[in-house]
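Hello,

Here is the structure I said I would pass on. My notes follow below it.

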Amino acid sequence: MNKMKMYDPALLSALKNADNFMLCAHINPDGDAIGSMLALGRLLRKMGKTALMVCPDPIPTHLMWLPDIGLIRPVEALEGVPLGAAFCVDVSEPKRLGSAWEYYRQAPVRFVVDHHPGTGELAHYALIDPQMPAAGQMVFALWQELGMALDSEAAAQLYAAISTDTGNFCFNSVQPETFGCMEELLRVGFDLSEASRRLFLVRTRGGAQALGRVLSSLKFFAGGRATCMLAPDEDAPALSAARARQILLKRADALWQRPELTLKVPAQVLRLKASALNELRRTAWQALLEESLKVCGTHAAADKQQTQPRRARF
């Protein structure tokens, strides 16, 4: 594939001249944040630089197999460490850095690379591109533009990053260049089957039990046109953000015969404290039902003309 060019020469020059880096992931880290940070740390070390990687929150269990994961430290490890530069990825605003923000903002040179809308004001050098599907794809481009050869460890880290934020390459944000990245990562070589299994198929016992409780709360409304699931707070830590997204954004198709009348209402998840669950359950479901019926009502007249609804897809 053609090398991706997206970085300002000033950013690349500043990166080459800086050292003693602090790298930080965002709060509630996902595969894109952790994989991108690990690949960036590996890149800087190949350049002969020092990089201390920190994360303000615990790393999800399904990411603990990633190469170099043991190098990530708690934010407190920065105490007393002289910093020459700070670099964050997948972060669009200071509050996303949690307790790491106080250290990050004091670094003499600050960098940020992110694919979420943002101003870039939290850094001296920023690359913000909301068109990118994942921060991992932007870090991949940085490896290329600096002329550094990827290794199998970095390939696995970048695969975890890109596959996480593209829904395992299912989201509309995926670009032709995204598959070009995957081509290069596979050429370098890593165990794709094992990496995919660990990221998307393996669950802890607690995660499987939490999933069962969430699915058991599934309710259908408006003739199957909308769904609702409730996840009490005690289940939230056992369900990673990526897995919750896969589970809870499943949608019930409307049973309309004509394609133009198909209605898709995303499933709603309300993470309620156990003590408030019974009190709020009826209110939450009633609100969802009323909203669904309001949307469905716009097609009520047309629906009366349909006598043979099509088969639902789930």
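Start with Lys-49. Lys-49 sits in the loop between helix H2 (31-46) and strand E2 (51-55). Helices (H or I, at least four residues) and strands (E, at least two) are DSSP runs, numbered from the N terminus.

Before going on, the ground rules. This is a predicted model, in which local features need pLDDT of at least 70 and side-chain atom pairs count only at pLDDT 80 or more, while totals for chains, interfaces and linings use all residues. Residues are numbered from 1 along each chain as its sequence is written, and side-chain values use heavy atoms, with hydrogens and water left out.

Buried means under 20% relative accessible area, exposed over 50%, partly exposed in between (1.4 Å probe, protein chains only). A salt bridge needs a side-chain nitrogen of Lys or Arg within 4 Å of a carboxyl oxygen of Asp or Glu.

A polar atom of its side chain lies 2.7 Å from the backbone oxygen of Lys-16. The side chain of Lys-49 also reaches the backbone oxygen of Ala-18, at 2.8 Å. Both are polar contacts (a pair of N or O atoms within 3.5 Å; within protein, one must be able to donate a hydrogen and the other to accept it, and residues adjacent in sequence count only if both atoms are side-chain atoms). Leaving aside neighbours within four places in sequence, Lys-49 is in contact (heavy atoms within 4.5 Å) with residues including Asp-19, Phe-21 and Leu-44.

Salt bridges next. The count comes to nine. Arg-42 pairs with Asp-68, the closest N and O atoms being 2.7 Å apart. Arg-42 lies in helix H2 and Asp-68 in the loop between E2 and strand E3 (73-74), so the pair ties together parts 26 residues apart in sequence. Arg-42 is buried, at 17% relative accessible area. Arg-45 forms a salt bridge with Asp-68 too, at 3.1 Å between the closest N and O atoms. Arg-45 is partly exposed, at 29%. Asp-151 bridges to Lys-46, with the closest N and O atoms 3.6 Å apart. Asp-151 is in the loop between helix H4 (135-145) and H5, and Lys-46 is in helix H2, so this bridge joins parts 105 residues apart in sequence. Asp-151 is buried, at 15%, whereas Lys-46 is partly exposed, at 40%. Shared partners join Arg-42, Arg-45, Lys-46, Asp-68, Asp-151 and Glu-153 into one network.

Now the rings. There are seven aromatic pairs. Rings of Phe, Tyr and Trp (its six-membered ring) pair if their centres lie within 6.5 Å; planes under 30 degrees apart count as stacked, over 60 as edge-to-face and the rest as tilted. Phe-21 and Phe-111 have ring centres 6.1 Å apart and planes at 35°, so the pair is tilted. Phe-21 is in strand E1 (residues 21-24) and Phe-111 in strand E5 (residues 110-114), 90 residues apart. Both are buried. Tyr-159 and Phe-190 make another tilted pair, 5.4 Å centre to centre with 40° between the planes. Phe-21, Phe-87, Phe-111 and Tyr-125 form one aromatic cluster.

Which residues touch the most other members of the largest nonpolar core? They are Tyr-7, Phe-21, Ile-34 and Phe-87, in a core of 55 residues. H2 gives the largest share, eight residues. A nonpolar core is a set of buried Ala, Val, Leu, Ile, Met, Phe, Trp, Tyr and Cys residues joined through side-chain atoms within 4.5 Å. A second, separate core has 16 residues, among them Met-22 and Leu-97.

Two more residues. Arg-110 lies in strand E5 and is buried, at 15% relative accessible area. Its side chain reaches the backbone oxygen of Leu-122 at 3.1 Å. Asn-172, in the loop between H5 and H6, is exposed at 82%.

Overall, the protein has eleven helices and eleven strands. Buried residues make up 48% of its 314 residues.

Best wishes
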